[in-house]
Amino acid sequence: MLSVRQLSIDIDGKSIVRNSSFSVPLGKITSIIGESGSGKSMTVSALLGILPPGAKATGQALFNGKNLLTVSDKEMTEIRKIHLFTIFQDAANSFNPSVKMRHQLYEFSGRKMGDTIEEFRVKMEGILDDLGLASEIMEQYPFELSGGMLQRCMIACALYMEPTLLIADEPTSALDMVLQKEFIGLLKRLNEQHGTTILLITHDLDIVAEAAHDMVVMRHGEVVETGSVAEVFDCPKHPYTKLLLDSRF
Amino acid sequence: MTVKWIGKRMMMGIIVLLIVSFLSFFIMHAAPGDPAAAFYGGNAQTLNAAEKERISRVFSLDRPVIAQYGTWLAETVKGNLGVSYKEGRPVSTILMERLPNTLLLFGVTLFFISIGSIWLGTTAGMKEGSLWDKGLSTVSIVTSSIPAFWLGILFISFFAVKLGVLPSSGTGDIGGEGGFVDKLRYLFMPAAVIILTHVGIYARFLQESIKVESRNYYVTVARANGVAEQVIRKGILRNASIPYLNYIGMTIPSFVGGSIIVESLFSWSGLGQLTVKAVVTKDFPLLMGGILLTGLIVVVSLFVIDLITYSLNPRLRKGDVR
């Protein structure tokens, strides 16, 4: 599905990520775990082609046979539009505050699929209902909804889109414990029921244990360990991974 | 909610006008010179003390200033702005003769400044780091640093004196038919001076607002998820236009103040020129009328801008921000 080889990222000459290699297998939940500043989010930015000005990514990130680091802007827009969906950390700021949710959810899902607004409305209302959200939220503005509701709206778009790869960049760090658990449940459901491949970025080992099949451990911009969650938890090889596991309650 | 908001804004407008009229009235009376003598015009030096006293009594100028203001306010509310000392005609008639010219100059300049600054600011702001972006920053500093009266003199010297293609001053040709084309020839230079000295700074403000808005989290999220670029841009522009509109609102009073200078320079027969003349001749009723009407134009403009901001910003409509 996604194969990252020798990925390096420099910002204004400073090395942020060095020679990272990992794979995201089809139909699985793969988690990248690491402390703040380990280069997890920068890796995601490189994959999505949204690196900040002055940043440069080298290496290879093969997605369905295309190198995401070298594809043209037009191709990247198409990939983002149809094959990828990304849920970011800060749900409260993920939507334009001046536009009603109906329009934004449509732009995030229905319009990309070529659906009419009416087709979108019917399908989205079903999804929202399924997620425990009233259809009235479509007529509300983002600032009228809570962080948890907005994150569920993002999941609703992912459910609508059924993307080839769902990237979730620390999606639960702004949520309380109850909402975190609920959100992870939704991710698992998306994976189990729809077979969506998920790349989950987190710094929380409990979330990895709860949701992921495979894991990638990053530290100081390098991948230090990869493997299935069961393998790594049972027999960690790198001292940092051991430290991470030991620090778990 | 909307009705309450409009009511509140209207009340604020009325309070502003009251304060403006109160301050103007008192500052005017505190200024050196005798209104009774001013009323008499060019032969004021021949007046003796008894005659001055008689004039003061007739026009109630001997009463306390606060009482005079009270009477003026009471009459103004009824629609009577008094009679001009100089012209002997009702102030309202004189103001109504000048108002269309001021509104024409104000409307045309504000229209072109808005169109120009929106086009320039959007083009430059959306392409951060481009030649447009860097170019506008420099151009705006240059244009806003040029004094309007200096540019006006330069224009007169070039277009009127050297080329002889445009009239140097006035609002219409004495021998002309007074039609639209005639008016346009006279309007061109004062309008161009105001537009050129203002468009850059307004465009620069919008450019910066767009750049700040483009760095917002929601823009990255939308872009990363393949939302159509024109939809993202529309969202950015909508949000960036709120501080831009506020900026226009904040600068409207000084914009009107600047127009007064340009009106005087080009002898544009508008409220600005009239007010300046009224100050020179100490024609108090006319001056008060001019100030009040100019204040009203500012208040109404601000109200319209507030209304647009209100419609663009759902937080205001939902009462989230007051």
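Predicted model: local features only at pLDDT ≥ 70, side-chain atom pairs only at ≥ 80, totals over all residues.
Q: How many residues of the lining of the largest pocket are nonpolar, how many polar and how many charged?

A: By convention, Ala, Val, Leu, Ile, Met, Phe, Trp, Tyr, Cys and Pro are nonpolar, Asp, Glu, Lys and Arg are charged, and the others, Gly among them, are polar. On that basis the lining of the largest pocket comprises 18 nonpolar, ten polar and ten charged residues. Residues are numbered from 1 along each chain as its sequence is written, and chains are lettered from A and ligands numbered from 1 in the order in which they are written.

Q: What is the volume of the largest pocket, and which residues lie nearest its centre?

A: On a 1 Å grid over the protein atoms alone, a pocket is an open set of points where a 1.4 Å probe fits, with protein on both sides within 12 Å along at least five of seven lines; lining residues have an atom within 4 Å of a point. The volume is the space filled by probe spheres set on the points, which are joined across faces, edges and corners. Here the largest pocket holds about 1,200 Å³. Of its 38 lining residues, A:Gly49, A:Ile50, A:Leu51, A:Pro52 and B:Arg223 lie nearest the centre.

Q: Which elements supply at least two residues each to that lining?

A: Helices (H or I, at least four residues) and strands (E, at least two) are DSSP runs, numbered from the N terminus. Chain A provides H1, strand E4 (55-63) and helix H2 (73-82), and chain B provides helix H5 (91-126), helix H9 (217-224) and helix H10 (229-265). H9(B) gives the most, with five residues.

Q: Where does the second largest pocket have its centre, and which element gives the most to its lining?

A: The second largest pocket contains about 620 Å³ of space. Its lining has 29 residues, with B:Val16, B:Gly295, B:Val298, B:Val299 and B:Leu302 nearest the centre. Helix H1 (2-30), H10 and helix H12 (284-312) of chain B each give two or more lining residues, and H12(B) gives the most, with twelve. The classes are 19 nonpolar, eight polar and two charged residues.

Q: What is the strand order in the open sheet of six strands, and which strands are at its edges?

A: Two strands pair if DSSP finds at least two bridges between them. In chain A the order is E6-E7-E8-E3-E9-E10, with mixed pairing. Strand E6 (84-87) and strand E10 (222-228) are the edges, each pairing on one side only. Within the sheet, E7 (residues 165-169) and E8 (residues 197-202) pair in the parallel sense over five bridges; A:Asp169 has A:Ile201 of E8(A) as its bridge partner.

Q: How many salt bridges are there, and which residue does A:Glu222 meet in one?

A: A salt bridge places a side-chain nitrogen of Lys or Arg within 4 Å of a carboxyl oxygen of Asp or Glu. A:Glu222 meets A:Arg18 at 3.1 Å, N to O. This pair joins strand E10 to strand E2 (residues 14-24) of chain A, 204 residues apart.

Q: Are A:Glu170 and A:Lys40, which also form a salt bridge, buried or exposed?

A: Buried means under 20% relative accessible area, exposed over 50%, and partly exposed in between (1.4 Å probe, protein chains only). A:Glu170 and A:Lys40 are both buried, and their closest N and O atoms are 3.3 Å apart.

Notes. Heavy atoms only, no water.
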